[in-house]
Amino acid sequence: MQRFLRSLRFLELALPIAAVLIAFAIGGVLLALLGANPFEAYWVLISGAFGSVGGLASTLTKMTPLLLVALGICISFRGGVINIGGEGQIIVGALAATAFTLWLRDWPGWLLLPLTLIVGALAGAVWGGIAGVLKARLNVNEILSTVMLNAIALQLMNFLLRGPMLDPAQIAAGTNIAQSEALPRSVWLTRLAPPTLLHSGVILALVLAVLVYLLLWRTTIGFRIRTVGLNPSAARYAGMPVPFYVAFSLILAGGFAGLAGAVEVTGVSHRMLEGLSGGYGFSGIVAALFGKLHPLGAIPASFLFGGLLVGANKMQLTVQVPSALITVINGLVVMFVVASEVYVRRARRRAGREAAEASLKRESSTPSAEAAVP
Amino acid sequence: MFHEFLSVATLIGIANSGVRLATPYLYAALGEMFGQRSGVLNLGVEGVMLMGAFAAYYTVYIGGDPWLGVLAAIIVGALMGLLMALISVTMQAQQGISGIGLTLFGVGLSSLLLKVLVGSPIGISGFSTWKVPGLNSIPVIGPIFFEHNILVYIAYLLVPVSLYVLYRTTFGLKIRAVGQNPEAADSLGVRVNAVRYGTVMLGSAMAGIAGASLSIGLLNIFQENMTNGLGFIAVALVYFGGWRPLGVLIGALLFSTVNALQLWMQVLGVPIPSDLAVMMPYLLTIVVLAVGGQRIRQPAALTKPYERGE
């Protein structure tokens with residue numbers, strides 16, 4: 001029994017890593033077929049991400065939004081709700097945070113900055129909540145609605161950044177690059193290692209990871225979210241308001257993605273730009289799955305996948321391998337990780353069966369129990 | 001301006017665009033419908049369409065015939081379907097997530113291949129408009145329905161074909177049985193997983209053609225992420241259409257008409273910001289899902305992998 005439990009835990013750890021290695025191997029074959037040297041490309045990728053102080057700082061910078069999104073994904077997937085809407089929630093959060101800060105720009109930073117982050121999170125929560133309420137009340141498939149809300153948020157951003165929120169300086173210069181006015185310095189997150197972009201948002205994300213862990217495993221709310229995700233009928237039978245928790249998981253997930261948007265704006269770009277969401281809504285899913293949907297597992301996972309994003313840019317610049325390769329690898333990792341769960345399930349079943357057989361054997365070898373029955 | 005918008009020529013133009021723009025939706029959604037009727041939700045349509053679009057574009061780009069492009073799209077689509085089936089049917093992965101993986105894979109790979117093999121995309125000459133002789137001279141009807149490229153006509157022909165296959169053939173009966181009650185189908189000797197491999201690969205091949213209908217039919221160019229969520233709308237159309245070919249047809253026409261209206265409004269300079277106009281199909285999808293969410297029951301075994309009890 002002990003042996004099986006150990007091998008099970010080993011499997012659960014080893015399978016995601018194997019999934020990443022296989023994905024990289026396939027990516028390497030692909031590169032070779034396209035005439036690039038995969039070893040050279042991967043070397044640039046890895047050394048670019050993890051091989052220098054600057055690289056590590058960039059990796060930590062990219063890790064921040066990934067981790068925040070991944071935390072939300074952990075909550076929603078644990079709650080049985082699939083949130084594909086990270087991109088849209090990031091955009092809406094960043095837009096709201098930007099608009100709010102620019103509106104109250106004269107307020108002192110110690111008040112304005114926290115409020116800005118909260119506004120971003122709330123906006124993301126509303127955007128996720130739309131899908132959540134639609135799912136809870138009208139049984140609208142949340143995968144489809146969140147994808148549509150991504151597209152709607154994108155168009156909303158295009159509209160606002162070319163119209164009402166367009167930087168007056170851009171209008172004056174006649175360049176009309178679609179970006180907002182710069183945020184007041186009072187809301188800029190502290191840079192931790194200038195000249196790199198690494199900012200204090202990474203600390204916030206790490207603290208929140210611990211809090212989400214506590215929420216999911218140490219509170220009643222977390223217990224209920226997980227119960228609803230594991231077995232909605234049992235949850236309903238136990239008297240839990242299942243629709244409420246379905247909506248609530250998506251609201252929380254949206255809130256974390258919205259916060260990621262606000263953190264990107266206040267920490268990195270200091271204004272709202274096109275392309276700010278940077279695919280984090282999707283790579284956050286990859287990181288969360290790789291971290292086995294555990295908030296603490298999401299920390300190393302988003303570090304790894306943040307590093308891949310940094311390294312991919314480096315790879316594109318120095319050996320001209322398009323960074324789209326990382327999207328390919330991300331897709332393969334997602335497929336392999338969810339596919340590999342079948343082995344964990346089988347191992348768990350086998351462990352259960354063997355344990356049952358062992359206890360049967362024990363009973364038959366100690367006849368006293370039978371002898372006691374007349 | 002509104003006078004201009006309501007002229008007969010404009011209305012015919014909008015209707016013509018509506019009929020034409022339904023093409024990718026029809027291929028992708030009818031294909032997806034087969035998969036879902038057999039119990040497999042393939043959310044990778046978006047990625048498969050992009051790969052199909054690129055395969056067709058590249059074939060024509062290097063000098064191939066457009067029909068060869070369609071064949072390439074079919075093969076690439078079917079292969080991606082094989083991957084999806086392997087992971088979701090054999091390995092029993094959670095379908096909502098594995099499909100997102102397939103989409104990411106297709107988005108990334110098509111963009112990678114474009115950059116390495118083509119560089120910056122240029123226009124190509126794909127299928128040209130083929131006016132149906134005789135029929136195209138009927139006033140109003142002719143210019144709306146009979147002045148399109150060949151892939152458009154085939155898309156509409158696939159509606160009755162799908163109806164026939166699904167309700168009048170043994171294969172169709174097996175698909176419906178496997179999607180409704182796989183245990184019963186299995187006990188009658190239907191090979192559940194084989195049927196699902198078949199439908200997922202068929203559906204993906206059709207998603208491949210859907211992509212080709214964009215890159216060598218409607219737009220004659222390939223661009224990164226050119227499907228822009230169209231694959232997901234196609235999945236939504238299957239829900240909207242109640243898992244029936246005619247329902248899918250109505251949904252596809254509804255969406256393409258909204259799209260056509262939106263495009264023509266931009267062309268005619270109706271004072272609505274184009275970004276907000278582009279939102280309309282996506283908003284409509286949500287509204288339609290909300291209204292139709294509980295109308296028709298979905299195939300009972302949808303998203304449930306099948307494993308024989310021991």
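Let's start with where chain B meets chain A. In this predicted model, 39 residues of chain B are in contact with 35 residues of chain A. Which helices of chain B supply at least two residues each to that side? They are H5, residues 95-118, H11, residues 230-240, and H13, residues 274-292. H5(B) gives the largest share, 15 residues. Now the classes. The side of chain B that touches chain A has 26 nonpolar residues, eleven polar ones and two charged ones.

Next, stay in chain B and look at H7. This helix covers residues 150-168. The axis of H7(B) bends by about 25 degrees at B:Val159.

Which residues of H7(B) are buried? Here they are: B:Leu151, B:Val152, B:Ala155, B:Leu158, B:Ser162 and B:Leu166. Their packing partners in chain B are helix H2 (8-37), strand E2 (147-149), H8, helix H10 (192-218) and helix H12 (245-267).

Take H8(B), residues 170-180, from that list. Two packed helices are described by the angle between their axes and the distance between the axes. For H7(B) and H8(B), the angle is about 70 degrees and the axes are 5 Å apart. Angles of 65 to 115 degrees count as roughly perpendicular, so H7(B) is roughly perpendicular to H8(B). On the H7(B) side, the contact uses B:Val165, B:Leu166, B:Tyr167 and B:Arg168. On the H8(B) side, it uses B:Phe171, B:Gly172 and B:Ile175. By class, this contact has five nonpolar residues, one polar and one charged. Note B:Leu166: it is buried, and it takes part in this contact with H8(B).

Last stop, chain A. Look at A:Gly79. It sits in the loop between helix H3 (53-78) and helix H4 (86-103) of chain A. Buried or exposed? A:Gly79 is buried, because 29 other C-beta atoms lie within 10 Å, and the cut-off for buried is 20 or more. What does A:Gly79 touch, leaving aside neighbours within four places in sequence? Its contacts are A:Ile225, A:Val228, A:Gly229, A:Tyr245, A:Val246 and A:Ser249. One distance to finish. A:Gly79 and A:Ser302 are 223 residues apart in sequence, and their C-alpha atoms are 21 Å apart in space.

Technical notes:
Residues numbered from 1 in each chain as written. Chains lettered and ligands numbered in written order. Predicted model: local features only at pLDDT ≥ 70, side-chain atom pairs only at ≥ 80, totals over all residues. Contact = placed C-beta atoms within 7 Å. Helix = DSSP H or I, 4+ residues; strand = E, 2+ residues; numbered from the N terminus. Nonpolar A, V, L, I, M, F, W, Y, C, P; charged D, E, K, R; others polar. Buried ≥ 20, exposed ≤ 12 C-beta atoms within 10 Å, placed from the backbone. Axes fitted to C-alpha atoms, helices over the stretch in contact; angles between N-to-C directions. Parallel < 35°, antiparallel > 145°, perpendicular 65-115°, else oblique. Bend = angle between axes of the 7 residues up to and from the residue.
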